[in-house]
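This report looks at charged pairs and a surface patch. Please view the sequence and the model together.

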Amino acid sequence: MNKFQDFIDLLTKKRNLHISILDLTGVLNTEMTEISFENTIHSKEFCNIAKSTLKGYRTCLFCKRLSNKKALREKTFFSNHCLYGLYEGAYPVVINNSVAAIVYVGNTLIDREKAENRITKTCKRTGVDPDLLKHYLDHTENIEDMNELYRIVLGTLGGARDYHGVVLDLGLALQDGN
């Protein structure tokens, strides 16, 4: 393991949330910053099931593409529901006015009833088993509102500054072009 992966593991220990990072610059390609494959994609069981059909997979890719474009354009934290009803926050990491990476914190649930309604509606179009997805809502991180997710994201990224200098090292690697 390395420092950054250890930090992600520490943040998600005893939680059902998931952190994934889209590396746009190669900054995660160092021994210190390399993360597991599971943290480069949405790899929680709910998401795996949602992507289990071709239409489900394409639905998730469509949402991810929209989120990536928004992160690149706005360069600030935002959050929203996916088409299946889970809630996710996106935090673009901006260095020298360019987005170097996008940190996603997800697998969170605000309103189970609304999520179940979204699951039913979306699964009719994608062919994914709605009952199986509803079962896996029990394996998500329950949060009160988007402000709680924002606090989780800020706590995650803000706390990183004090964790073995990972964020400082990450920033220096980006500035050096490593």
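## Terms and model

A residue is called buried under 20% relative accessible area and exposed over 50%; partly exposed lies in between. The model is predicted.

By the salt-bridge rule, the count comes to 4. Side chains of opposite charge can pair when their charged atoms come close.

## R73 and E74

R73 forms a salt bridge with E74. Their closest N and O atoms are 3.6 Å apart.

How exposed is each partner? E74 has a relative accessible area of 39%, so E74 is partly exposed. R73 reaches 57% and therefore counts as exposed.

## A link across the chain

E141 pairs with R15 in another salt bridge. Here the closest N and O atoms are 3.0 Å apart.

Is E141 buried or exposed? E141 is buried, because its relative accessibility is 12%, under the 20% cut-off. R15 has a relative accessibility of 31%, so R15 is partly exposed.

## The pair in helix α4

The side chains of E116 and R112 meet in a salt bridge, at 3.0 Å from N to O. Both residues belong to helix α4 (residues 112–126). They are 4 residues apart, which means that about one helical turn separates them.

Salt bridges that share partners extend this pair into one network of R112, E116 and D138. E116 is partly exposed, because its relative accessible area is 26%. R112 is also partly exposed, with a value of 32%.

## A nonpolar surface patch

Which residues form the nonpolar patch on the surface? They are L54, Y57 and L61. Together these residues have about 290 Å² of accessible area.

L61 is placed in helix α3, which spans residues 54–74. The relative accessible area of L61 is 36%, so L61 counts as partly exposed. That value is over the 30% that a patch residue needs.

## In brief

The charged pairs described here include R73 with E74, E141 with R15 and E116 with R112. E141 is buried, whereas R73 is exposed. The network joins R112, E116 and D138. The nonpolar patch is made of L54, Y57 and L61.

Key
Residues are numbered from 1 along each chain as its sequence is written. This is a predicted model: local features need pLDDT of at least 70, side-chain atom pairs count only at pLDDT 80 or more; totals for chains, interfaces and linings use all residues. Side-chain values use heavy atoms; hydrogens and water are left out. Patches are made of residues with over 30% relative accessible area and no salt bridge: like charges are joined within 9 Å, nonpolar side chains (Val, Leu, Ile, Met, Phe, Trp, Tyr) within 5 Å. Accessible areas come from the Shrake-Rupley method with a 1.4 Å probe; for residues, only the protein chains shown count as cover. Helices (H or I, at least four residues) and strands (E, at least two) are DSSP runs, numbered from the N terminus. Buried means under 20% relative accessible area, exposed over 50%, partly exposed in between (1.4 Å probe, protein chains only).
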